[in-house]
Amino acid sequence: MTRRSVTIVGASLAGLRAAEALRRQDFDGPITLIGDELHAPYDRPPLSKQFLAGDWGEDRLALTRPDKLDDLDLDLRLGVRAASFDLVSRRLGIVNLDDGAGDRGGEELVVDGLLIATGARCRTLRGSEGLDGVFVLRSLDDSLAIRAAFGAGPVRVVVVGAGFIGAEVAATARTQGLEVTMIESLPQPLSRVLGDAMGAVCAELHREHGVDLRTGMGVEAVEGEGRVERVRLSDGSVIEADVVVVGIGVVPNTEWLEGSGLRIDNGVVCDATCLAAPGVTAAGDVARWPNQRFGEVMRVEHWDNAVAQGAHAARRLLVGDGEAEPFVPVPWFWSDQYDRKIQMAGRIGPDDEMHIATGSLAERRFAAIYGRAGRLVGVLGFNRPRQVMRYRMLIESGATFEDAIAAEF
Amino acid sequence: MKIVVDFDLCESNAICMQIAPDIFEVRDDDFLYVLNEEPGEEDRVRVDECVQRCPKQAISVEG
């Protein structure tokens, strides 16, 4: 298949890795990479950890070196947002964002291959948007703002949502000696992903480090005059707060594709090969596709998936339908909280069988494996990276749960 | 080709071990060991994948 040019919308991890994959595949046509932030592509995981703590500067966030970026020979358009797309005419409407010098207007590009990697944005707490001191964490600028707020003295921090972002922010704040209350609506942190027993291990980790963790609790209101002063909870209690960080999930950035002719349903709907329409693929947080390995339609928000799917969606644009391969990863992620590295691979469900393969919950150093219908489907590790990867390989090889239990790593 | 790991960056996520277990190994002490620092050209595609997939970008290749 001859592809004349490729336009990638989204200049974060999936978009950049897609561009690199195109060049590795010896694609020498024009590549346009469009990103709505002014920063060159940067890495997000440190934003809730080393960068937020102030241990790392911006220079350590770069996803690639300037010389390598130059070698890719991209038409890199930063501070530019995609506003519309039409599948039939293949017209992509873009808007130059305000760079401080006023609105610089928009234009239309006619695209050949299109790779959608616009990611997702944070949900916000309704009613809290106008208050100073209330933050979400997604971008470098978000992290800088929270870092400044944390540095403003002995502030009282309320983290809403004990998911991975919330938990990492809480851990970083505690490590800096700040007073932290974390509010979670589920009975245990992450219990929807990890189950109640493992959620309880995470809860204990935070409580031992001095976080006032309130589970099974909703937020009624975030209140203050101009800036946040207190958070009112569903049981009527009130927590005084100087800084509130909201980590209650994300929504995929697909609004610009409304009316495009592409199917949008909690993400850009793709086939098993990451193709959304002829000559259009999607990757990263914004892409939803049937992962044939698990027989499940997925939208995966993990770092590792953005890397792998970016490359896969790029290759997909260069091959015909007959040569296209399905994208069948075993999803994997990590989260660093205090001195614990939590890693999970595969898909864990509430009804899966669980077996502690090594270590113990009590010492919080273990690998737990999960089985469903006789197959190994997932592994969760606390400070067990070696075992997590070994079991991930077993999941990839289609191992039975029985074989996984018998395996020794 | 020479593999260089920045051990200040490495957090032993073990992705590289999954891609190239004959070159990278994370042991029970949770540290990464490079089993073969100068693999041959036939390993370049796999090593490049390790460089790409490392969550800490701790691996680089010289030559």
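Helices (H or I, at least four residues) and strands (E, at least two) are DSSP runs, numbered from the N terminus. A:Asn266 sits in the loop between strand E17 (250-252) and strand E18 (268-269) of chain A. Its phi is near 50 degrees, a positive value in a residue other than glycine. Is A:Asn266 buried or exposed? A residue counts as buried if 20 or more other C-beta atoms lie within 10 Å of its own, as exposed if 12 or fewer do, and as partly exposed in between, with the C-beta atoms placed from the backbone. A:Asn266 has 12 other C-beta atoms within 10 Å, so it is exposed.

Before going on, a word about what you are looking at. This is a predicted model, in which local features need pLDDT of at least 70 and side-chain atom pairs count only at pLDDT 80 or more, while totals for chains, interfaces and linings use all residues. Residues are numbered from 1 along each chain as its sequence is written, and chains are lettered from A and ligands numbered from 1 in the order in which they are written.

A:Cys274 lies in the loop between E18 and strand E19 (275-277) of chain A. A:Cys274 is not a glycine, yet it has a positive phi of about 80 degrees. This residue is buried, because 27 other C-beta atoms lie within 10 Å.

How many residues of chain A are in contact with chain B? There are 14, and they touch 13 residues of chain B. Helix H7 (303-316) and helix H8 (385-396) of chain A are the elements that give two or more residues to the chain A side. H8(A) gives the most, with 6 residues. The chain A side divides into 8 nonpolar, 1 polar and 5 charged residues.

The expected span is 1.5 Å times one less than the number of residues. Since 10 of its 12 residues are buried, H1(A) is largely enclosed by the rest of the structure. Its cover includes strand E1 (6-9), strand E2 (31-35), strand E7 (113-116) and H7 of chain A, together with helix H2 (44-53) of chain B. Just after H1(A), A:Asp26 takes a positive phi of about 65 degrees.

Helix H6 (residues 191-208) of chain A tells another story. A straight helix of 18 residues would span 26 Å, but H6(A) spans only 19 Å between its end C-alpha atoms. H6(A) has a kink of about 85 degrees centred on A:Ala197, where the bend at a residue is the angle between axes fitted to the seven residues ending there and the seven starting there. Among the buried residues of H6(A) are A:Leu194, A:Met198 and A:Val201.

Finally, follow the strands near the end of the chain A numbering. Strand E25 (residues 353-360) and strand E26 (residues 365-372) of chain A pair in the antiparallel sense over 7 bridges; strands pair if DSSP finds at least two bridges between them. A:His355 has A:Ile369 as its bridge partner in E26(A). The two strands form a hairpin with 4 residues between them, and A:Arg364 in the turn has a positive phi of about 55 degrees. E26(A) is also joined to E27(A) by 7 bridges, running antiparallel. This hairpin has 2 residues between its strands, with A:Ala373 in the turn at a positive phi of about 50 degrees.

Technical notes. Contact = placed C-beta atoms within 7 Å. Nonpolar A, V, L, I, M, F, W, Y, C, P; charged D, E, K, R; others polar.
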